[in-house]
Amino acid sequence: MAREKKIKNAFKRSEEHRKSKREKEQAKLARRMEIKKAEQSKENGAALKAARLAKNIPRTLDNTRQFDATSYLTADPATLRDLEEKAAKASRMINGEEPEESDDSEDGEDEDKDEEMPEAGPSNPRPNASPPQAEEDDDDEDLDEGAEGEEEEQQEVVSDQPLPPPKILITTSASPCKLTYNFVEDLKNVFPGGESFKRPRGKGFEIGRVARWAGKRGYQALIVVNEDHKAPNAITLINLPAGPTAYFKLSSVIPSANIYGHARPSPHSPELILNNFTTLLGHSVGRLFGSLFPPQPQFRGRQVVTLHNQRDFLFFRRHRYMFTSPTSAKLQEIGPRFTLKLRWLRKGLPSVTAPDGRAPAGENDDDVDVSSDEEVDEAALAAREKKDEDEAMAEMVMPDKQKKQKDNGIKVPGLAEDGEYEWKWKPKMEVSRRTFFL
Amino acid sequence: MQSDDIIWTVINHQFCSYKVKTATQNFCRNEYNLTGFCTRQSCPLANSRYATVREKDGVLYLYMKTIERAHTPANMWERIKLSNNYVKALEQIDKELIYWPNFITHKCKQRITKITQYLIKMRRLSLTAQPKKVGIKKKLERREATRERKALAAAHLEKNIEKELLERLRSKAYGDAPLNVNEDVWQQVLDLDRKGKEKELELDMEDDESLLDSDEEREEEWEGGEREYVEDTDDESVGDLEDYSGSEFDEFDSEEEGSEGQEFPSDLEVSDEDDDEEEGSDAADEPKAKGKAPPPTKPTNGTLAGTKRKAPPKGGAKKGARRPKVDVEYEMETEPLSREMLKNW
């Protein structure tokens, strides 16, 4: 069939085009009306509609996700499991053992899905046989602490009191602005064990130093809110005493005061919902967050903290809920609302000193009283600066020998600047729109 | 021949490429300038005997220029490395620039001091942890903001949270007597659970009997039984209440249709005891006896208290034209109403 010849008269051509377009659209409309009518009929309607919906699943980014196969942390958990099984089988064949059929893989699955999340906070030796309800909750996609409530209640019989909430130290970069300060105050009552302190500029208050100090004092985590252009823009989450460090980009911070009709928070420990963490990296991030909250939520408070991962953005919400019927619940938003995006994850704590490893003697640690929100007033700062200047002048006059002795401070091995990232986000990773890492 | 005065008059009055003029002051951009100002004493071009101190990579050098080498620009500046020690450097200056004008030696020493100070500061600064400066990438920021917005839309947060919470409730993750649920709601949950189990048992045992529990009140489909109630349309207004009569429900277990308004079944029973016989026959006459399932949440009007119910209004008849109606005849003290009379009510 030869292609139809193009009509040379522009007006006529456009008219024909308009006509044909209209015809097509009318035809389509007629088709759709028929479908609608058929679905509204009594006998088959619902079935037809269900069939149509089942067939036409819209293609979304979440449906067609591609896992990033470069690292095992961000790989598809299904393929990881397959690899594990294959490796296990191969090793069994090599060693000539009897093939143990289902136990291994099932245990692996159970471990992945059920037992990871509930391990929040101080480690409780949890029985491996989770109650059947927990398995109902856990899909491939959801991690939650639903099973915890029951298990905790079982275990409470054993231990005397509920464990205290994990202590968390929240601070900012130096000289925070009002927005950041308010955000820190909001965060303080999100975490039941939260405390904040003002971090002064200067030598003794590098993040690494503060982290080690806090670890010694029994804090479980350190949160540093970074500020830029007069607004909080990043969060460094450091698990103590020697835990991983995670750095998130913070965006869309809405304090509770700006939420219309917000609920008032209460000091009860919240329930935790961690949605949609699939890869190993996602699991570890989810677990990191879980460890910030007390393992035993107080259901009486009816507060729920949600960290929902969608396309690598972690949405944080805090609600007060109420069940109005077995099929519906109402939510009233309480607390701050913000989004996080993981930038990098490292093992260990941040380095204390300059890369060359030198550190002056750590007298400052004992001086700093962090538990109370003490202000470092201007005079002290000025005095410190003057001290620095005097030192400089003195150094100039000092003969060389003395200088060398002065540098003999404590050597603290810091992390090498470039290496040692468990996972780092780089802009060039974002080649495909369908690749997500968490 | 070198004449400093002439050079200076030209530089000052006509043009000097190193001169930077500002409202209050003239600066000199020449690297060898001792003070940085454009003045007669500190111009390196207009002084044939001149000295400066400059630092390169943390090392201080003394540069000297004499008239003897004024004709060889390539070798004009003599460079002497100064000691790292501040005091020794000062002494070196004194030694080299002995018999030189005080202005030059003084300014050189001042320069040494300043340079040493800022070098010390730099070293000290490199020891402290400086915040790492990262550039703002506008495209990146814009792209991520858009993606965040779309991810938020795709996340359906409230729905997912609700779903999760209900899952936990139904799966008994809160234990047997949870603190975060209303008593009634918890009872409903337990009943649903029980019903579900019974249904399962039923399916297993392939029992055809219908379940007529007293607890079956909810939106659950009414199962089994002799007749099925099918909903005709979605729009059921309050006015439909008046369509109901006791007759339809007498024959069947009224409790299913009673739903949440619990007064309803009892009302029916009270009103219909009188009308039982006649309406039962009437109802049987009608070939299509399709009853409407009552809407789930029925507001219980005060009018239900009456035993005799009014006939449906004109509007009801119009609605009846669109869908199958309940043809019901009410008993009144007078003879039963026909449809025409109803229309002309």
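Helices (DSSP runs of H or I, at least four residues) and strands (DSSP runs of E, at least two) are numbered from the N terminus. With that in hand, select Asn276(A), in the loop between strand 8 (271–275) and helix 9 (280–290) of chain A.

Before going on, note that this is a predicted model, in which local features need pLDDT of at least 70 and side-chain atom pairs count only at pLDDT 80 or more, while totals for chains, interfaces and linings use all residues. Residues are numbered from 1 along each chain as its sequence is written, chains are lettered from A and ligands numbered from 1 in the order in which they are written, and side-chain values use heavy atoms, with hydrogens and water left out.

**Stop 1**

Most residues other than glycine have a negative phi. Asn276(A) is not a glycine, yet its phi is positive, about 80°. Now move to Asp312(A), whose phi is also positive, near 75°. Asp312(A) sits in the loop between strand 9 (303–310) and strand 10 (313–325) of chain A. Is Asp312(A) buried or exposed? Asp312(A) is buried, at 7% relative accessibility. Here buried means under 20% relative accessible area, exposed means over 50%, and partly exposed lies in between (1.4 Å probe, protein chains only).

**Stop 2: salt bridges**

A salt bridge is a side-chain nitrogen of Lys or Arg within 4 Å of a carboxyl oxygen of Asp or Glu. The whole structure has 20 of them over all chains. Select Glu206(A) and Arg209(A): their side chains meet at 3.0 Å, N to O, and both residues are buried.

Next, show Glu422(A) with Lys347(A), a salt bridge with its closest N and O atoms 3.3 Å apart. This pair links distant parts of the chain, 75 residues apart: Glu422(A) is in strand 13 (residues 421–424) of chain A, and Lys347(A) is in the loop between strand 12 (337–346) and helix 10 (364–367) of chain A. Glu422(A) is partly exposed at 29% relative accessibility, whereas Lys347(A) is exposed at 57%.

For a network of salt bridges, select Lys249(A), Lys341(A), Arg343(A) and Glu144(B) together.

**Stop 3: a helix in chain B**

Finish with helix 3 (residues 102–127) of chain B, which has 26 residues. From its first C-alpha to its last, helix 3 of chain B reaches 38 Å, close to the 38 Å expected at 1.5 Å a residue (the expected span is 1.5 Å times one less than the number of residues). Which residues of helix 3 of chain B are buried? Among them are Ile104(B), Cys108(B), Ile112(B), Ile115(B) and Leu119(B).
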